[in-house]
Amino acid sequence: MNGTPLTQQQLLTQQHYLSKDAGDFAAFVESVSHNATLTDYPQASNIEQNAVVYSRSTVTRACSTPEEKKTLMAEWIKVWTDGPGVLMITQAMDHQVIDRANETFERIINQQKADGGGSGDHFAKAGANDRIWNALEKHGKGDPENFTHYYANEAIALASEAWLGAGYQITAQVNRVNPGSAAQSAHRDYHLGFMAEDQILKYPMHVHQLSPALTLQGAIAHCDMPLASGPTLYLPYSQHFSEGYVAFTRDEFQQYFNKHRSQLELKKGDMVFFNPALMHAAGENKTADIYRLANLLQVSSAFGRAMESIDHLGLIDAIYPTLVKPNTAGTLTKDQIVNVISACADGYPFPTNLDTDLPAGGMAPKTQQQYLLEALDDNTNHEILLERLQSLTRKQSLT
Ligand SMILES: [Fe+2]
């Protein structure tokens, strides 16, 4: 800026909107340079590489009275907010429950392969992993009895309630990372963590700060995971860095992560819960024979839903003809057309069915709004647009 001071308006804009180069690296390094201590987390059994570790017996004891439950939940909230952002509960799930779930998961993976569907995902190269999207529903329908034992687990419920309050909704995605698979690059998770940079920049700063409060990330180890098998890498305290959704893809941040990250060895039955804004990545599986199997939980807040349900398809059916003419004649500007589309079509691609609605390039599938914009650009026939949107609705909800 050659020393030209910013105006008050420019400062205000800078305060509420991030730019592509937002995030000062030195400030980031300072923000992650902390050490957690047991004094801060008196119910923990130990601190391991800055992750706060609890025993299952602590969870069971806490669940015996509402007061003790609240005390432990408050301590966990402190871990995820002020603290390092990640906690582990050792041996939180009985092995026989896990073993039986593994039988179901293996059956589903084999069935997916037999059906000819690639069972990997868009986060890794083909063959590197096997993924079960919507493992919650497939698990529950495939083995209702085991599902009941699995989700009766008090650690899952306690962590979910602690972060999200009442009415939370669980989704689960099983990931089996095969020998030889590469590490992921370090990232943050859903919601903003799933977006491309140009989308991220459209959300104001307070939404960047709010987004992590709407989901909780969890991982349940379904086999022993020695370090060589690549259990998740974390950078404790990195959830504090407000500009992280934009800054973390940059080289200096990635390099810092690779040098300073933690990695906890997990045993079958251990659980990890972390703030979705924590910088993390799946590690490289350097073994020749460990198929690293985890059930990844993503628990969502009951909030983030509109008060009324809208028949978007019916509304678009009614509105589309009234948009085509002014769009062609130029009697409404492009921005005005976009304003109407924002009011009548769904602009968010989730929730969806990731078996049938996998994104084509990028992390997120196309939205109704994108289909509608493209249709107007191409002057698509009304019926064809509706068919496309009906097909999208089917793909989103197909079971
Ligand atoms: Fe992730």
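Gln 91 is partly exposed: 16 other C-beta atoms lie within 10 Å. The model here is a predicted one. You will find Gln 91 in the loop that runs between β3 (86–90) and α5 (95–114). Its phi is near 45°, which is a positive value, and Gln 91 is not a glycine.

Some background on that. Most residues other than glycine have a negative phi, and most peptide bonds are trans.

Next on the list is Tyr 237. Phi of Tyr 237 is about 75°, again positive in a residue that is not a glycine. Tyr 237 sits in the loop between β7 (233–235) and α11 (244–247). Is Tyr 237 buried or exposed? Tyr 237 counts as buried, because it has 24 C-beta neighbours inside 10 Å, and the cut-off for buried is 20 or more.

Now the peptide bonds. His 191 belongs to the loop between β5 (169–177) and α9 (197–200).

Then there is the bond from Phe 350 to Pro 351. This bond is cis too, with omega near 0°. Where is Pro 351? Pro 351 is in the loop between α14 (334–344) and α15 (368–378).

That is the list.

Notes
Residues numbered from 1 in each chain as written. Predicted model: local features only at pLDDT ≥ 70, side-chain atom pairs only at ≥ 80, totals over all residues. Helix = DSSP H or I, 4+ residues; strand = E, 2+ residues; numbered from the N terminus. Buried ≥ 20, exposed ≤ 12 C-beta atoms within 10 Å, placed from the backbone.
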